[in-house]
Amino acid sequence: MTSIAQAVSCVDGYDPDALRVDKAREAIRACLEPVTASETVPVRESLGRVLAQDIVPAINVPGHDNSAMDGWAVRGSDLNSSKETSLSEIGKALAGKPFHGKVSAGQCVRVMTGAVMPEGADTVVVQEACKASGDRITIPAGQKAGQNVRAAGEDLKAGVAVLKAGQQVRAAELGLIASLGIGELSVRRRLRVAFFSTGDELASIGTALKEGEVYDSNRYTLHGMLARLGVEIIDMGVVRDDPAALEKAFREASRHDAIVTTGGVSVGEADFIRQMMAKLGEVLFWKIAMRPGRPMAFGRIGQSFLFGLPGNPVAVMVTFYQFVREALLFLSGVSPSEVPLLTATSAQSIRKVPGRTEYQRGVLYKEGNAWKVRTTGQQGSGVLRSMSEANCFIVLEHERGKVEAGEPVNVQLMDTLA
Ligand code: AMP
Ligand code: MG
């Protein structure tokens, strides 16, 4: 196992006291090793989980050529391109009820959507186009041979891997796996993530606030963000700013794959935590060139990766979304794709100085045909309401200065961060 210090030293331009967002991401990624253990689960339970093996179809889907429409199955070679063709209906085929005879020249078979194509037929003419009189069916000119037929294996081909290990199972994959008749499958074991809040000022809900106390909201935003990642959550409550209590909590938390804490990493508070960490594991304290969310700790205690987030409620969410989310996905065995950025027109000027990346809380909206974005107003890192009002982050890049109204800005939709 390489040390954290060794791994991050490979990151070009690494500077713990003025760490660019992209460098912090790179440094974290350089240290992580995904879980490898897997378990077998029934199809439905694989929702949100990470595939531990490729899915290779044992059958073609669909299994047979079949009709894509209600109509008549005919032989393409019987049809006349410039005039009507009259055929004789010799039977019918429904979905799940095939026609067992053979279609010879001059013949056709009544078919419904999903019916297996009768032997000899290769083309379906939709019922609306045809005239039926007893068993005489008149097909208009201008049909194309092969039309309205779904080919066997056009969805999934036997022997050709359709899903890869490392993919997350969504609704579409559940259906796709079921379409292969697979009842259970192998997925990576769930990542176990322990978290706790630190702070002498924190009260838990259900107790009355004493003077100077605030309710612990971070554990609830964290619960929400972690739950949406599909990890197993171990909520360890509030831990006081007390060395013995913190040490005990960190030791206990380190039995899990990852630890997320909030508070206690800002300059005034970090010192005794720093000393303790030096005893327990290998933890780096960073000042990240970003707003909100400047201080952050990252490292390892035993086998567990630690993400020490700042205490301010907005900073918790921003640092979670920009660093922890991707890291936990990676640890879970996913190869996370980059969060998409969209471009919108800023409806207002926005103050910004070069030298840090800002994640302003924004509202993306449509005006006429244009997508515009405005900030939610007050951007203090204690104003959690700004996260609730926002539907996106306005991402103001490291080098960027003031934004003028009407300029394009990048936005990251909150929904893509789930
Ligand atoms: P800290 O990073 O510990 O200095 O905390 C920074 C600010 O965030 C302080 O105003 C804290 O009261 C506030 N804060 C810290 N933890 C929490 C929490 N769990 N819930 C709500 N506010 C918090
Ligand atoms: Mg604190």
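Reader: In which helix is the place of Glu269?

Author: Glu269 belongs to helix α6, residues 267-280; helices (H or I, at least four residues) and strands (E, at least two) are DSSP runs, numbered from the N terminus. This is a predicted model, in which local features need pLDDT of at least 70, side-chain atom pairs count only at pLDDT 80 or more, and totals for chains, interfaces and linings use all residues. Residues are numbered from 1 along each chain as its sequence is written, chains are lettered from A and ligands numbered from 1 in the order in which they are written, and side-chain values use heavy atoms, with hydrogens and water left out.

Reader: How do you know whether His256 is buried or exposed?

Author: Buried means under 20% relative accessible area, exposed over 50%, and partly exposed in between (1.4 Å probe, protein chains only). His256 has 12%, so it is buried. His256 sits in the loop between α5 (243-253) and β15 (258-262). Apart from neighbours within four places in sequence, His256 is in contact (heavy atoms within 4.5 Å) with Arg192, Ala194, Ile234 and Ser304.

Reader: Why does Asn148 count as partly exposed?

Author: The relative accessibility of Asn148 is 27%, so it counts as partly exposed. Asn148 is in the loop between β8 (136-139) and β9 (149-150). Its phi is near 60 degrees, a positive value in a residue other than glycine.

Reader: What makes a set of residues a nonpolar core, and which members of the largest one touch the most others?

Author: A nonpolar core is a set of buried Ala, Val, Leu, Ile, Met, Phe, Trp, Tyr and Cys residues joined through side-chain atoms within 4.5 Å. The largest has 54 residues, and Ile28, Trp286, Phe298, Phe307, Phe320, Leu328 and Phe393 touch the most other members. Helix α7 (residues 313-331) gives the largest share of this core, 13 residues. A second, separate core of 19 residues includes Ala194, Ala249, Ile273 and Leu280.

Reader: How do you know that strand β20 pairs with strand β24?

Author: Two strands pair if DSSP finds at least two bridges between them. Four bridges join β20 (residues 342-346) to β24 (residues 408-413), and the strands run antiparallel. Thr343 has Asn410 as its bridge partner in β24. Strand β23 (residues 392-396) also pairs with β24 in the antiparallel sense, over four bridges, and Cys392 stands opposite Leu413.
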